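Here is a short briefing on one protein chain. Look over the sequence and the model, then read on.

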Amino acid sequence: MAIHITLQGQTDLSGQVYRQLRAGIIDGRLAAGERLPSTRDLAVQLGVSRKTTLDVFERLLSEGFLQSRPGDGTFVADGLQRVPVSHPIIQQARPTALWETLPVALSMPRYGITPPLDFLGGVTDKSRFPFEPWRRCLNHAMRLQARERGAYHDPAGEQELRLGISRYLAFSRAVVSNWHDVIVTQGAQQALDLLARVLVNPGDIVAMEEPGYPPARACFTAMGAKVVSVPVDAEGMLVSQLPQGARLIYVTPSHQFPLGMPLSLDRRVALLEWAQSTGAVIIEDDYDGEFRFEGRPLDSLKSLDRNGLVAYVGTFSKTIFPELRVGYMVPPSTLVAALLKAKQIVDWHTATFTQAALARFMLDGDFAKHLRRIHKQYEARREALLRHLLGPLAPWFEPIVPAAGIHLTALLKAGFNEADVVNAARDVGVGLYGISNFYADTTPRPGLLFGYGGISAEEIDTALGKLLLALR
């Protein structure tokens with residue numbers, strides 16, 4: 001690559017080049033082992049004679065700043081003492097006051113130091129993913145990319161992927177939509193961000209469940225909204241306690257996050273009627289509703305909506321893996337034009353390479369096959385977890401048995417401390433996570449979130465056996 005050197009005037013050219021290269025090496029901008037352009041290339045780049053660059057390199061070589069490797073090139077020398085660059089600070093750049101006080105949306109364990117037996121929520125088992133069919137889909141996407149000219153694409157996403165998503169939603173979630181209605185996003189979190197951008201003005205009221213999903217709360221708060229917590233009970237959000245004047249309602253009806261109960265049909269109807277009477281928009285976050293293990297599935301809010309008030313949001317993070325960073329939404333038709341403008345402003349469009357591969361994965365049937373296989377695995381893990389929590393661990397835990405999803409919450413019985421249980425588990429190599437951070441405005445009831453997407457049934461037995469001994 002061309003190296004950045006600025007020359008002023010036509011005098012002392014070798015001195016100017018020498019001082020800038022030497023300064024770059026000393027302050028670390030040119031790292032040890034970095035290969036420099038040849039004297040000929042550097043002379044052409046700077047518009048000077050080759051003798052000028054030869055003189056500079058010879059001087060730096062003699063002083064030990066450079067090393068020459070015959071037949072290979074000239075490199076920055078190893079083992080030099082680096083001097084950190086310091087500049088006098090006159091005025092520091094600072095974010096607005098909101099960002100100074102906004103908490104981290106959802107703290108995650110640092111990479112590489114998670115316990116060997118980990119119940120982290122929101123993760124999937126990549127060892128069960130069909131990487132060979134996925135590799136074929138990636139190769140297909142690469143061939144498409146090779147044939148196309150470089151260009152920006154539709155902010156809404158690639159047509160084939162939107163078609164695959166609309167067919168999948170119609171078949172498995174009873175969400176009737178045309179592919180035109182689907183917008184592809186960078187995960188569900190971007191869908192929330194885009195919806196907040198086009199719906200929320202500073203000071204507007206946004207209602208969400210308590211306890212609830214911290215990244216959603218952080219997103220709405222960052223847009224200047226006043227987020228009001230609405231309590232939940234065994235039937236989900238208490239619609240009767242929705243705040244007057246709410247512009248937006250965020251809800252997780254299939255599998256309340258983090259407690260796990262579904263929103264009852266009566267509450268769903270009541271929520272839709274409340275939104276219709278007030279003009280509020282509902283965000284239905286169906287983050288892991290694909291995995292249902294008992295009971296009849298309830299109609300999604302989107303399928304019940306007759307007035308264009310529900311924005312349905314989904315993700316592939318729980319069905320494939322989080323690193324894919326692909327989600328989607330089916331918003332009310334009246335919001336589509338604004339959402340596409342917002343999407344174009346934020347990142348123009350989601351990576352087309354990933355979209356093309358995922359479209360082929362869905363339309364060829366590999367996605368459905370994967371869901372059928374992994375559903376059985378997750379069901380076995382859920383059963384193993386409940387067997388321990390309702391059996392040997394019953395003196396400590398009161399599990400909320402979920403009908404769907406890849407995590408469950410177990411409340412701690414009176415007299416037990418959340419942090420103490422988490423620490424006791426960590427001491428025996430078991431990763432557990434409390435639910436206190438999911439409460440924003442009320443006193444949390446202590447409990448633990450057991451994610452079973454990334455831990456096998458055999459590992460669950462081992463982990464909860466260790467936990468039992470630690471608690472005893």
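In which helix is the place of Arg136? Arg136 sits in helix H5, which covers residues 131–147. Keep in mind that this is a predicted model.

**Overall build**
- The protein chain has 15 helices and 16 strands.
- Along the principal axes, its C-alpha atoms fill a box of roughly 85 × 55 × 50 Å.
- The chain has 472 residues, and 50% of them count as buried.
- Among contacts with a separation of 6 or more, 71% come from residues 24 or more positions apart.
- The chain exposes about 23100 Å², with carbon and sulfur atoms supplying 53% of that area.

**Charge and the positive patch**
- There are 49 positive and 48 negative side chains in the protein chain. The centres of the two sets lie 4 Å apart.
- Arg136 has a relative accessible area of 47%, so it is partly exposed.

**Nonpolar surface patch**
- Leu265, Val269 and Leu298 make up a nonpolar patch on the surface. Together they have about 210 Å² of accessible area.
- Leu265 lies in helix H9, which covers residues 265–278.
- Leu265 counts as partly exposed because its relative accessibility is 41%.

**Salt bridges**
- Side chains of opposite charge can pair when their charged atoms come close.
- The structure holds 20 salt bridges.
- Asp125 pairs with Arg381, and their closest N and O atoms are 2.6 Å apart. This pair links distant parts of the chain, 256 residues apart. Asp125 is in the loop between strand S3 (117–118) and H5, while Arg381 is in helix H13.
- Both Asp125 and Arg381 are buried.
- A network of salt bridges links Asp125, Arg128 and Arg381.
- Glu210 forms a salt bridge with Arg217, with the closest N and O atoms 3.8 Å apart. Glu210 has a relative accessible area of 4%, so it is buried. Arg217 also counts as buried, because its relative accessibility is 16% and the cut-off for buried is under 20%.
- Arg29 forms a salt bridge with Asp27, with the closest N and O atoms 3.2 Å apart. Arg29 counts as exposed because its relative accessibility is 57%. Asp27 is partly exposed, at a relative accessible area of 23%.

Key
Residues are numbered from 1 along each chain as its sequence is written. This is a predicted model: local features need pLDDT of at least 70, side-chain atom pairs count only at pLDDT 80 or more; totals for chains, interfaces and linings use all residues. Side-chain values use heavy atoms; hydrogens and water are left out. Patches are made of residues with over 30% relative accessible area and no salt bridge: like charges are joined within 9 Å, nonpolar side chains (Val, Leu, Ile, Met, Phe, Trp, Tyr) within 5 Å. Accessible areas come from the Shrake-Rupley method with a 1.4 Å probe; for residues, only the protein chains shown count as cover. A salt bridge is a side-chain nitrogen of Lys or Arg within 4 Å of a carboxyl oxygen of Asp or Glu. Helices (H or I, at least four residues) and strands (E, at least two) are DSSP runs, numbered from the N terminus. Buried means under 20% relative accessible area, exposed over 50%, partly exposed in between (1.4 Å probe, protein chains only). Contact means heavy atoms within 4.5 Å. Lys and Arg count as positive and Asp and Glu as negative; His and the chain ends are not counted. The place of a charge is taken as NZ of Lys, CZ of Arg, CG of Asp or CD of Glu.
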